[in-house]
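Please keep the sequence and the structure in view while reading.

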Number of protein chains: 2
Amino acid sequence: MTIANSVLLTDLYQLTMLQTYHAERMQETAVFEMFVRRLPPERGFLLAAGLEQALDYLETLHFSADELDWLANCGRFSSQFVNSLAEFRFTGTVHALPEGTVFFADEPILRIIAPLPQAQLVESRLLNLIHYQTLIASKAARCVLAAPGKLLVDFGMRRAHGAEAGLLAARAAYLAGFGGTATVLAGMRFGIPLFGTMAHSLVQAHDREEDAFEHFAAAQPDNVVLLLDTYDTEAAARKLAALATHLQARGIAIKGVRIDSGDLGENARRVRRILDEGGLRQITLFASGDLDEYRLQELLARGAPIDGFGIGTRLDISTDAPTVELVYKLQEYADKPRRKRSEGKATWPGRKQVYRRTEADGAFAADCLGLEAYPQPGEPLLQPVMVEGRRLAPPEPLDVIRNRVRAQLAALPPALRSNRTAPPYTVIVAPELRELADRLDRETH
Amino acid sequence: MTIANSVLLTDLYQLTMLQTYHAERMQETAVFEMFVRRLPPERGFLLAAGLEQALDYLETLHFSADELDWLANCGRFSSQFVNSLAEFRFTGTVHALPEGTVFFADEPILRIIAPLPQAQLVESRLLNLIHYQTLIASKAARCVLAAPGKLLVDFGMRRAHGAEAGLLAARAAYLAGFGGTATVLAGMRFGIPLFGTMAHSLVQAHDREEDAFEHFAAAQPDNVVLLLDTYDTEAAARKLAALATHLQARGIAIKGVRIDSGDLGENARRVRRILDEGGLRQITLFASGDLDEYRLQELLARGAPIDGFGIGTRLDISTDAPTVELVYKLQEYADKPRRKRSEGKATWPGRKQVYRRTEADGAFAADCLGLEAYPQPGEPLLQPVMVEGRRLAPPEPLDVIRNRVRAQLAALPPALRSNRTAPPYTVIVAPELRELADRLDRETH
């Protein structure tokens with residue numbers, strides 16, 4: 001199936017509300033901000049990601065002839081309203097945190113300023129796009145922090161939730177510091193480095209394991225990584241040690257081996273010993289199988305001699321925290337600040353900015369959530385990225401974002417860099433913002 | 001971004017192994033089966049879904065000119081191998097459980113019989129497609145069982161993991177017995193009934209809440225569902241009660257209200273009382289906000305007067321069990337059964353069939369996992385669906401699958417129909433299958 005960036009990838013109520021705005025001629029400027037209500041207990045910080053795909057969506061948004069036909073005939077909308085959608089484009093202004101920026105609860109990561117119908121319609125897909133990459137980049141950053149200097153590779157496409165998740169997980173993980181992905185399409189689309197070994201089926205399809213190793217090595221002599229655990233890991237390592245000399249004579253060097261089951265640390269130690277005793281110190285060890293930042297930390301703390309890790313399902317699903325409470329809320333309409341006061345879901349009104357204060361060495365000290373109109377000390381994090389529906393700059397190269405992430409992670413307070421529960425990072429609410437919220441609460445509706 | 005059903009939505013190692021198979025002329029028939037290794041502790045059964053999209057993928061699989069160019073120039077593959085891919089098509093045979101069939105651990109839900117390279121390449125995307133819909137259909141079925149007779153609507157697209165997940169969650173939930181979805185594209189693509197109310201932003205964009213209600217009602221008089229909790233739920237209910245008579249005079253009937261925050265059961269009771277006292281018994285109550293089967297059960301056990309539920313994030317992410325251990329394993333190659341013996345990941349070899357035994361009243365009694373060549377008592381569940389790369393029948397209408405699900409859920413052992421932990425359903429392994437596995441283990445590799 002093909003999924004374009006269809007404008008109908010939205011919730012029905014957006015269109016129903018648009019019909020109301022159309023009928024009431026409510027076209028004035030709305031300001032919506034996107035933020036996370038609470039961090040999941042398993043996360044001390046989040047990493048913003050997905051802006052590139054969000055801007056692409058906004059820039060190309062329109063109703064196709066087929067979509068207009070369908071809407072006209074679905075029995076819900078007036079023909080006058082549907083006709084008005086033919087000219088629908090996004091003409092608004094966007095401010096956002098640059099991809100790879102660390103952020104915390106309540107801090108806006110994206111702001112849309114546009115005529116109310118435009119700003120309303122894009123809610124569902126903007127959330128969908130930014131939620132997922134932010135989730136995965138944040139998870140991947142924790143893996144990177146848990147395994148400094150190790151090669152980490154995204155292996156998760158097969159159990160990611162659909163095609164787009166598989167593809168975008170590769171991008172988000174790479175931004176956060178992964179070395180690459182196994183997903184070929186991510187290599188073609190984004191230029192992300194590809195990694196791969198072999199599957200058990202290749203070994204099983206041969207009658208003898210050593211034949212499988214030899215055939216695989218001969219077919220791609222430049223990149224031989226052999227999988228050892230189809231039947232008996234140590235026996236396979238010994239077969240490989242015997243084979244290596246023979247292959248070397250043919251000019252083929254085995255680059256690495258992969259272990260995918262059992263006690264990965266213990267199996268790695270045994271394989272390392274067999275390889276070292278066979279004079280094969282240059283062969284690297286790669287492990288996979290139910291890995292995440294917790295298992296990485298554990299394996300490395302116990303000194304497992306593993307050089308690289310394939311992280312699959314638990315990365316692409318962010319299994320320990322598979323969602324964050326990302327929302328998109330109206331903060332101002334027709335120049336008046338607005339506030340939702342639903343139980344447990346109240347919002348901070350008005351156009352806001354995040355001001356980050358740093359120590360002399362660049363380490364993050366505290367953030368201040370304030371109003372844009374009342375600047376606070378610290379670096380303002382939200383940047384203009386789109387005006388009148390057009391980007392202000394071409395897409396950022398992935399390497400630029402990777403460098404930003406590296407700098408951001410280095411500047412995190414040490415407690416947040418570990419995967420243990422840490423006291424939350426300080427986010428101060430500026431007095432002018434509190435006053436505005438109080439004032440709005442006093443004005444009865 | 002547009003994601004076609006690209007053949008490169010696969011793992012690099014599939015292509016690397018294909019290059020080996022090409023070099024070694026390993027083109028004989030392979031048999032792969034897809035199954036779940038273990039049920040998550042939170043699941044007593046699973047519901048097969050996603051076959052339709054899987055067959056569509058297989059039927060249209062090919063390498064485009066762009067993809068061949070990219071592969072030829074990526075420095076990993078011989079030009080002879082890449083040239084051979086230009087003619088690549090899937091020409092195999094597929095057996096599968098019909099969508100909506102209940103299944104358990106170790107039971108094959110899909111079998112591919114095809115030349116080894118074809119059967120190998122499709123692994124990653126077949127898993128990706130079937131994993132997600134199976135996950136969501138299974139979650140949705142639990143919600144349906146928890147809220148008999150209630151209207152359930154998928155609200156989850158915004159936090160689903162990407163566009164395809166959002167779209168396919170709507171399909172999977174509908175198959176499992178949901179009344180519909182809020183995702184407009186799922187209405188257009190699959191003909192799934194659409195539901196929607198209004199968002200807080202519409203209320204916030206008006207200076208007076210009652211104006212928002214009135215404008216919204218006037219703009220779509222046939223389908224007025226008002227959201228009550230933007231500021232104060234009870235106050236909003238009273239405004240609505242006052243407004244209703246006035247609207248009625250204009251020929252507009254309010255159909256329902258939605259509550260989205262606070263103690264949903266308590267808020268529903270208060271709103272119900274206000275509406276009933278206002279003579280508005282016909283207005284239905286709809287609730288949303290962090291709902292799943294556990295919360296539904298709880299609310300309904302406490303007698304909450306709620307008629308319908310919007311289930312969002314926790315459905316589309318299957319938050320309590322966001323993945324199942326779905327795998328795809330080689331069971332036979334060149335007419336010889338094959339078995340993987342990795343620690344904790346051993347497989348049952350050979351071409352298998354699931355035989356379901358039922359009581360006189362149709363209730364499921366036990367399953368038997370056996371070899372296809374040695375039929376067992378019970379109904380064989382795997383059916384042929386594709387031969388020589390062509391479907392044997394047109395896609396099943398969604399209503400046919402919904403009826404199947406209804407019958408399957410009714411036939412489940414009562415312990416499995418509740419959401420409490422139940423003793424696992426009995427799956428017997430046929431003696432011939434045990435003997436085959438033992439024989440393969442004795443033959444050393």
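## Hairpin and strands in chain B

In the hairpin of β12(B) and β13(B), two residues lie between the strands, and A334(B) takes a positive phi near 50°. The model is predicted: local features need pLDDT of at least 70, side-chain atom pairs count only at pLDDT 80 or more, and totals for chains, interfaces and linings use all residues. Residues are numbered from 1 along each chain as its sequence is written, while chains are lettered from A and ligands numbered from 1 in the order in which they are written.

Helices (H or I, at least four residues) and strands (E, at least two) are DSSP runs, numbered from the N terminus. Two strands pair if DSSP finds at least two bridges between them.

β12(B) and strand β13 (residues 336-337) of chain B run antiparallel, joined by two bridges. Y333(B) has K336(B) in β13(B) as its bridge partner. β12(B) also pairs with strand β1 (residues 29-36) of chain B; seven bridges join them, again antiparallel. There, F32(B) has L330(B) in β12(B) as its bridge partner.

How many residues of strand β12 (residues 326-333) of chain B are buried? Eight of its eight residues are, and the strand is mostly covered. A residue counts as buried if 20 or more other C-beta atoms lie within 10 Å of its own, as exposed if 12 or fewer do, and as partly exposed in between; C-beta atoms are placed from the backbone.

E435(B) is exposed, with 12 other C-beta atoms within 10 Å. This residue is found in helix α17 (residues 431-442) of chain B.

## Strand pairing in chain A

| Strand | Partner | Sense | Bridges |
|---|---|---|---|
| β6(A) (residues 151-154) | β11(A) (residues 308-311) | parallel | four bridges |
| β6(A) | β7(A) (residues 180-181) | parallel | two bridges |
| β14(A) (residues 352-358) | β15(A) (residues 364-371) | antiparallel | seven bridges |

V153(A) stands opposite G310(A) in β11(A). D154(A) has T181(A) in β7(A) as its bridge partner. From β6(A) the chain crosses through helix α7 (residues 163-175) of chain A to β7(A), and this β-α-β crossover is right-handed. That is, with the strands pointing away from the viewer, the path from the first strand over the helix to the second runs clockwise.

In β15(A), G370(A) is the bridge partner of Q353(A). An open sheet of four strands has the order β16-β14-β15-β19 (chain A), and its pairing is mixed. Its edge strands are β16 (379-380) and β19 (427-429) of chain A, each pairing on one side only.

## A covered helix

Helix α2 (residues 51-60) of chain A has seven of its 10 residues buried, so it is largely enclosed by the rest of the structure. Among the buried residues are L51(A), E52(A) and Y57(A). The cover over the buried residues of α2(A) includes β3 (93-96), α6, β17 (383-387) and β18 (390-391) of chain A.

## Two domains in chain A

Chain A is assigned domain 1 (12-136 + 323-442) and domain 2 (148-316). These bounds come from an automatic or database domain assignment. The centres of the two domains of chain A, taken over C-alpha atoms, are 39 Å apart. Their contact takes 13 residues from domain 1 of chain A and 16 residues from domain 2 of chain A. Two residues are in contact if their C-beta atoms, placed from the backbone, lie within 7 Å.

On the side of domain 1 of chain A that touches domain 2 of chain A, α6 (123-146) and α15 (398-411) of chain A each supply at least two residues. The largest share, five residues, comes from α15(A).

## The two copies

87 residues of chain B are in contact with 88 residues of chain A. On the chain B side, helix α1 (residues 12-24) of chain B gives the largest share, nine residues.

A rotation of 180° with 0.0 Å of shift along its axis superposes chain B on chain A (RMSD 0.0 Å). The two copies are thus related as by a two-fold rotation axis. The superposition is by least squares on the C-alpha atoms of residues with pLDDT of at least 70 in both. The same surface serves both copies: 100% of the contact residues of chain B recur in chain A.
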